[in-house]
Structure formats: structure tokens, C-alpha cells
Amino acid sequence: MKELRIGLLGFGVVGRGVAELLLAQEKLLRERTGVALRLVRIATRTPERAQGVPLGAVQVSGAVHQVVTADDVDVVVEVMGGLEPARSLLLEALQRGKHVVTANKALIAMHGEELMRAAAVAGRDLLFEAAVAGAIPIIKVLRESLAANQIDQLYGILNGTCNYILTEMRERGSSFDQVLQDAQAKGFAEADPSFDVDGIDAAHKLAILAAIAFGSFPHFSQIHVEGIRHVSAVDITWASEMGYRIKLLGIAKQDAEGVELRVQPTLVPVTSMVASVEGVFNAVFVRGDAAGTTMYYGRGAGAGPTASAVVADLADLARNGGKEATQRVAGFSTLLECLSSHPVRETAEWRGEYYLRLAVADRPGVLAEVTTVLARQQISIDAIHQKGRSDVAAVPLIMVTHETTERQVRAALREMEGLDAVRETPRFIRIEPGFV
Ligand SMILES: NC(=O)c1ccc[n+]([C@@H]2O[C@H](COP(=O)([O-])OP(=O)(O)OC[C@H]3O[C@@H](n4cnc5c(N)ncnc54)[C@H](OP(=O)(O)O)[C@@H]3O)[C@@H](O)[C@H]2O)c1
């Protein structure tokens, strides 16, 4: 029987999950692929972590470079994370004729072009299903199942930590800081949560999805990234009262004028499917010209879901014939020579409806001052909400605009901030009323 010999770099949450899954499903994988998927080496910074884990004859060491150069390794699985030394190790692995599987979204989002070109030169595969949305097979769907579609819109909940925080804020009526602390205590958020709550993790994933959907290399720097730190309990309550949920969405749109790439808190109708994705779950929605809109839902992180995606890539390699037959499917879906860059729309030119929140003095004439500013910027208002209370220094004034540009909204809020009656920096959140 043919075999595919695997070298694993990293033995943390995902690494251990991959090792355990490969060993537990050895027979099932052999019966499904006709190839023995054999874990031969593990290298990780702290090899002691593997003590007590039943790994059979697998060699465990701290020598990551040895895995990349070893003659008995056909495919290197990188689950260490970080840009270096992961990037250099994977480039060398490809040059030495090994396939590469990685769960490292940051690496693919930042160095995907360099790595994919190296894979092409070497005639080897670079697979990264686990880098986006964990167990959800969205990369395979985009590359293979939707191959006949021109995709004009893709959006989704790509970070389980943020979705969990926003869900808890709504259900408990708590502030961002309170919920974040609880999430850290329960292990749902990292000690340093910035990558998640500032939207960077979601943006890495969006860069990869947009590349595959629109036929370009990933361009992380082109994404407009906003996190959820400024979303307040007031926003969440008002959104609910007006029939919306607030979700941190990764959004990629393409039309004749270019692409729009953004990660930001977004109001979506409470009746939409995307609004019903709660807690740590992820979901991706893709609109293709032939298929229409399709939705993919599941667990976006964790040892089992992520290992499931890594091992699926290994099964694909095994089915492709291991060393002989490579690159059955182009890494970014489109052949390297046909990938192109698309003009990216300026944030200021995005058109849409907006939710605006001001904290204003509760006295006569304030509403008139605010609406005068909006009129000057030619922004028309769909709804205004205010609950007056004479016993507090400032009350929330909530407005929903008709379609306008972000340039006009920003200009209006800048002007409002200068008004005597406005007591805090005004905030705005994009609304996507058409999302399903
Ligand atoms: N966790 C998830 O649910 C998830 C989901 C999707 C994708 N991913 C991606 O998968 C990758 C791994 O994530 P993880 O959660 O498994 O991380 P993790 O638990 O921190 O594990 C990383 C492992 O790699 C080792 N390592 C890190 N840098 C190293 C270096 N320079 N040399 C040797 N070993 C090194 C670590 O060693 P020590 O044990 O000494 O720290 C640890 O064993 C990341 O790229 C992440 O973005 C994770």
C-alpha cells in the first residue's frame, strides 16, 4: 500500500489535535484514500508537551528544521503559528520537494503569494483549509464546488471570540469589558485578545477568502479593519429595539468599479440567517451568479474542528497520488498566471445605510442642531430615537440614515462632535439590510 509520511511542526492545540486524529482514524483514512497516512515526526519548541500522549513510533524532538529536511517526510504540516520561522521553514520544505499543509491564516494572508509561487516552482501542493473557519470546508467549496460561479459577494462571521462576546453582551446586557473578562476566564478569549477583538484575525481570513473568490493573491493591507471594542451595550440594545443584531462581519464585494474589503461591526436584520449565528460559531455566505446565495456554518476553531480540516487536506494529498500528481486544484482557485489585482474602493466612497449614536444634553433644540448638520451633508434620516431623562448629563440619540456615503457620514459626525450639546465622540455602524 502507498503511504504519505507526515512531519508535524508544532504541538499545541491544533498540533496535538492533528496527531490524535491521524492516529485515531488511521484505518478509516486508509479505507477512504487507499493510502496509509503515517505520522512519522513531530518537532515543537517544548517536546515535553508530548509526554504521556500515546504516539507510538512517532519521533518527537525540538528540531523543527530536521522535519523539513528529513528524507522520510513527504508532507510538512505547519501548526506553530506566527510568520517566522514558519515562512522560511515552509519555503525550504517546498524547495526540498515536500508538500505543505498549514493552518496559519496570518502566514497565508501576508505571504500567500510568495509561498504559492514557491509551491508552483517546486511542483508541490500548498493546502490551507484549516486557516479559515476551522471545520467549515469553505476553501474547498469556493475552489471546487462553486468553480462555475462568478462570485460578487461573500460575507461571514469569521471570528468565534468576537461573536461570543457580542452574543453575551446582548443576552446579559453587559459591557464589552465585563464579557471579555469572563470569556478570558472560560478560555474563549486569549490573554492578549487584540488579534481577535480588533478584527485582525477575521481580516486574515477575509484576505484568503477574497483572493479565492475574486481570483487574486491575498492582499491583507487592502482590508479596512475595525474591531468590536467600541460597540457598547447601548448600541446592542438599540439595535435590538430597531430589529437588528450587531455582528462582526468580514465582507468582500466586487462589481465593475472594484472590490470592497472590510471587517467591521455591522447591523443585520434580526430575521436574517447571519443574525442567528450565535456564540462561538462561524458562518460564511457566498453569492454566485449561477448558484445564488449559499451558507456554510460550523465551528471555526478548537482542536477537533481545526484538525478535521488539516487532515482533510492530507487526505486530498493522499488521493492526489502523494508525490506524483500535484496541483489538481490551483491554490487560490485561479491559475497563477491568470490571477490579477482588482482596484480597491476607497472607504469614503462606500454607500450604505448607517446607524449613528450620539450622547447629547437632554434639552430643547438639540435635535434641530443635529439634523441641521445632517441636512448640510445631504444625509436623509430614516428614523430617530431618543429617550429623554432630565436627571443625567447626556442621553443617547440614535439615528438611522438612508443610503449615503461614508465620506458624508464621517464629515457629519466630525461636525457634530464640535456641537456644545454633544458630550462624547459620535459613533456609527454600517447597516447591511440585504444580508440573508
Ligand atoms: N487554535 C485554533 O482553534 C486554531 C484554529 C484555526 C487555525 N489555527 C492556527 O493554527 C496554528 C496553531 O494554533 P494553536 O492554537 O495550535 O497554537 P498553540 O496552541 O500556541 O500551539 C503552537 C505550537 O507550536 C509551537 N511553536 C510555536 N513557535 C515555535 C517555534 N518557533 N519553533 C517550534 N515550535 C514552535 C508551540 O510550542 P510551545 O508549546 O513551546 O508554545 C506550540 O506547541 C496558528 O497558526 C493558528 O492561527 C488555530
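Leaving aside its neighbours within four places in sequence, which residues is L206 in contact with? Keep that in mind for a minute. A word of caution comes before the answer: this is a predicted model.

Let's start with the layout. The domain assignment gives three pieces: domain 1 (2–135 + 303–331), domain 2 (138–298) and domain 3 (348–431).

Now the core. The largest nonpolar core holds 133 residues. V18, L206, L209, A210 and V310 have the most contacts inside it. Helix α10, residues 200–214, supplies the largest share of this core, with 11 residues. In soluble globular proteins, nonpolar side chains tend to be buried together.

Back to L206. With the neighbours within four places set aside, L206 is in contact with L158, I223, G250, A252, L261 and V263.

The centres of domain 2 and domain 3, taken over C-alpha atoms, are 25 Å apart. Domain 2 puts 11 residues into the contact, and domain 3 puts in 12. On the domain 2 side, α11 (233–241) and β10 (258–269) are the elements giving two or more residues.

Last stop, the ligand. There are 24 residues around it, and G10, G12, R45, G81 and A301 come nearest. Which helix gives the most to this shell? Helix α1, residues 13–24, with three residues. The shell divides into 10 nonpolar, 11 polar and three charged residues.

Terms used: Residues are numbered from 1 along each chain as its sequence is written. This is a predicted model: local features need pLDDT of at least 70, side-chain atom pairs count only at pLDDT 80 or more; totals for chains, interfaces and linings use all residues. Domain bounds come from an automatic or database domain assignment. Two residues are in contact if their C-beta atoms, placed from the backbone, lie within 7 Å. Helices (H or I, at least four residues) and strands (E, at least two) are DSSP runs, numbered from the N terminus. A residue is near a molecule or strand if its C-beta atom, placed from the backbone, lies within 6 Å of it. Ala, Val, Leu, Ile, Met, Phe, Trp, Tyr, Cys and Pro count as nonpolar, Asp, Glu, Lys and Arg as charged, and the others, Gly among them, as polar. A nonpolar core is a set of buried Ala, Val, Leu, Ile, Met, Phe, Trp, Tyr and Cys residues joined through C-beta atoms within 7 Å. A residue is buried if 20 or more other C-beta atoms lie within 10 Å of its own, exposed if 12 or fewer, and partly exposed in between; C-beta atoms are placed from the backbone.
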